[in-house]
Structures are given as C-alpha cells and as structure tokens.
Amino acid sequence: MAQTFHFTDTIYVLYGHAPLAQQVLENAIDSPVVGVGGPLEYKHIESTVIPYIYHYRTYQNSPVTQKSLNIDLFLNELQKVGKFPITKTKKGVIVHGYQT
C-alpha cells in the first residue's frame, strides 16, 4: 500500500493506495482504502501521508516492485476543492486535514 490515513474519530491508521486525480471529489476521496466501502469524507481525515516512492509485492513471495508516484497531480486536484496544509518531507508529503 502506498498511503496512510489518520482519522479524527479513531486511533486506527488505515493503509490505502494513493488516489488518482479523478478520485478527488468535492467533499471526499473516492475509495482510497480497500474494505472501507466507499468514499472517505475530508471531515474524517486528520492527515494522510503519501510517499514519493513505495514498494509492494504483486503476490506473496514475489519480488519487491518499486513505483514512483506523481503526487503533484493529486495535490492539484485537491487544491480545487479546498485549502489543505501540506508538509513536504524527504520521503513524501503529509496532507493535513481536520485537527482534533
């Protein structure tokens, strides 16, 4: 998985994929976490961490594959629906949402 989601209403951290630009909706991100069952509303997201590069396996015991993410496309779409503070790090970006 490429992205972590921290929420305003739970201590659990969920892991999902980095959303595509077309998954940025007016008040939610469309299905970024497998098993959640739909869009995640921005009001429930405290922060999300998106790495520039992530590693994954296509199946158990397969070689590790590396993938670079074009985070700028996602961030450009996100700016169209609201102003979210962004922290850039060496490994990626943190998009800050609602604070608890």
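Me: In what order do the five strands of the open sheet stand?
Reply: Good place to start! This is a predicted model, in which local features need pLDDT of at least 70 and side-chain atom pairs pLDDT 80 or more, while totals for chains, interfaces and linings use all residues. Residues are numbered from 1 along each chain as its sequence is written, and side-chain values use heavy atoms, leaving out hydrogens and water. Strands here are DSSP runs of E with at least two residues, helices are runs of H or I with at least four, both numbered from the N terminus, and two strands pair if DSSP finds at least two bridges between them. The pairing is antiparallel, and the order is β2-β1-β5-β9-β8.

Me: Which strands stand at the edges of this sheet?
Reply: An edge strand has a single partner strand, so one side of it is left without a neighbour in the sheet. The two strands in that position are β2 (13-16) and β8 (86-88).

Me: Which residue stands opposite P51 in β9?
Reply: Strand β5 covers residues 45-51 and β9 covers residues 92-96; the two run antiparallel and are joined by five bridges. Opposite P51 stands G92.

Me: How many residues apart in sequence are the parts that the pair of Y42 and F84 ties together?
Reply: Rings of Phe, Tyr and Trp (its six-membered ring) pair if their centres lie within 6.5 Å; planes under 30 degrees apart count as stacked, over 60 as edge-to-face and the rest as tilted. Y42 and F84 are 5.4 Å apart centre to centre with 55° between the planes, a tilted pair. Y42 lies in the loop between β4 (40-41) and β5, and F84 in the loop between α1 (71-81) and β8, so the parts tied together are apart in sequence by 42 residues.

Me: Is Y42 buried or exposed?
Reply: Buried means under 20% relative accessible area, exposed over 50%, and partly exposed in between (1.4 Å probe, protein chains only). F84, at 21%, counts as partly exposed. Y42 has a relative accessible area of 8%, so this residue is buried.

Me: Which strands do the buried residues of α1 pack against?
Reply: Those buried residues are I71, F74, L75 and L78. An α-helix has 3.6 residues a turn, so residues three or four places apart point the same way. With contact meaning heavy atoms within 4.5 Å, the buried residues of α1 pack against β3 (28-29), β5, β8 and β9.
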